[in-house]
Amino acid sequence: MNGTAGIAAYLEPRHVELALRLEAIVRRRFGSIPIHATDAEARAAAPEIVRALGEEGLLSFAVTSAPASGGLEIRTLCLVREALAASSALVDALFGLQALGSAPITLAGSAELRARWLPAVASGAAIAGFAMTEPEAGSDVGAIATTARRDGDDYVLDGEKCFISNAGVADFYTVFASTDRSRGTKGLSCFVVPADAGGVRFVKPYILSEPHPLGEIAFDDCRIPATNLLGAEGEGFKLGMRTLDRLRPTVAAAACGMAGRALAEALAHARARRQFGVPLADQQLVQAKLARMATDLDASRLLTYRAAWELDRGGDRSPGRATREAAMAKLFATEAAQRIVDDAVQIHGGRGVLADSVVNRLYRSVRALRIYEGTSEIQHLVIARELLAARPG
């Protein structure tokens, strides 16, 4: 990462110490993660990577209790994701999914569910999945068609989920399903569904430009105990949005990590590569790109850690809620990272489009950040909604 000086106002001494420790951990444990050329290779590597994250103590941050933020210390998560994403998009994604998939349990789980799953998440013994998206329900969460009907002491789930990270490798999923289709989002509920529960089916993997365990799962007459309900019936939408509010700044942090690595690679190449008798770094057009990249990165990090700070301190408007700040951070940082990585590829010229070059791998990885956990377009709507809802003056 690029140091903590520019964001020091939002950090405490323990965060600065963690940032230094993260640099050493990433360099020692994750700096030589091999490039996984296929989805199958990424899937095979996932359990080992998650175990390594647990052994290094990083996954404990995904479940650490901090009541003001609703159970997660967001600045810490951001620091971890920024450091990991600069090294490996796959490692970062697996860390992020441990936090995302377990956050509903942290926020609304019973003591029994927390005791059953959170220690396993923290140790790396259990891989988490977050199952919200469906074929006809992406940004429109109210269109979720998966159903959960009460049957005595159980719920029975039926439906399909798509674009699910860790599909087929997760040990459990936090699943959003409708317990009352007539009520739209107010009829959604959230459940913990073990992957080995009867009726859980891994349908197929997706092949991505940058290998990552993603795919479809289905629930066919899947019976789970009623105690696996998170919160109360009808609270699923609010729980899902609370989860995304908290985790969106961490996506922004991952974008900062990728952008920071791209800038570092571009700077090194510009200093070393000579064209027309001088280093690329002496060319004014290259200097202009580097200046824009650095400015975008600094702005992204400030927005990201401001949002994380707001969430950790409880926010201005309601406890643990900084919806506008989180949306701004994700929107700006992911869009800026796309520009920064693209400029890095351009500065590298032909070397930048070689499949095994660092900037080319970043180019393939960064694009997804503008889509998952709320597209850039949805972030625009969230920001505008929050602005219009605010009282004048």
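What is the volume of the largest pocket?

1. In this predicted model, the largest pocket has a volume of about 1400 Å³. Its lining comprises 50 residues. Those that lie nearest the centre of the pocket are Thr133, Ile371, Tyr372, Glu373 and Gly374.

2. Several elements contribute to this lining. At least two residues each are supplied by the helices α4 (89–108), α6 (236–272), α9 (358–366) and α10 (376–389), and by the strand β3 (154–165). The largest share comes from α6, which provides 8 residues of the lining.

3. A second topic is the packing of two helices. Helix α1 (residues 13–30) packs with helix α3 (residues 74–87) at an angle of about 30 degrees, and their axes are 10 Å apart. Angles under 35 degrees count as roughly parallel, and α1 and α3 are therefore roughly parallel to each other. The crossing in which α1 passes α3 is right-handed.

4. The contact between these helices can be listed by residue. On the α1 side, Arg14, His15, Leu18, Ala19, Leu22, Val26 and Phe30 take part. These residues meet Arg75, Thr76, Leu79, Val80, Ala83, Leu84 and Ser87 in α3. By class, the contact of α1 with α3 has 9 nonpolar, 3 polar and 2 charged residues.

Notes. Residues are numbered from 1 along each chain as its sequence is written. This is a predicted model: local features need pLDDT of at least 70, side-chain atom pairs count only at pLDDT 80 or more; totals for chains, interfaces and linings use all residues. Side-chain values use heavy atoms; hydrogens and water are left out. On a 1 Å grid over the protein atoms alone, a cavity is a set of points where a 1.4 Å probe fits but cannot get out, and a pocket is an open set with protein on both sides within 12 Å along at least five of seven lines; lining residues have an atom within 4 Å of a point. Grid points are joined across faces, edges and corners, and a volume is the space filled by probe spheres set on the points. Helices (H or I, at least four residues) and strands (E, at least two) are DSSP runs, numbered from the N terminus. Axes are lines fitted to C-alpha atoms, for helices over the stretch in contact, and angles run from 0 to 180 degrees between N-to-C directions. Angles under 35 degrees count as roughly parallel, over 145 as roughly antiparallel, 65 to 115 as roughly perpendicular and the rest as oblique. A crossing is left-handed if the near helix is turned anticlockwise from the far one by less than a right angle, and right-handed if clockwise. Contact means heavy atoms within 4.5 Å. Ala, Val, Leu, Ile, Met, Phe, Trp, Tyr, Cys and Pro count as nonpolar, Asp, Glu, Lys and Arg as charged, and the others, Gly among them, as polar.
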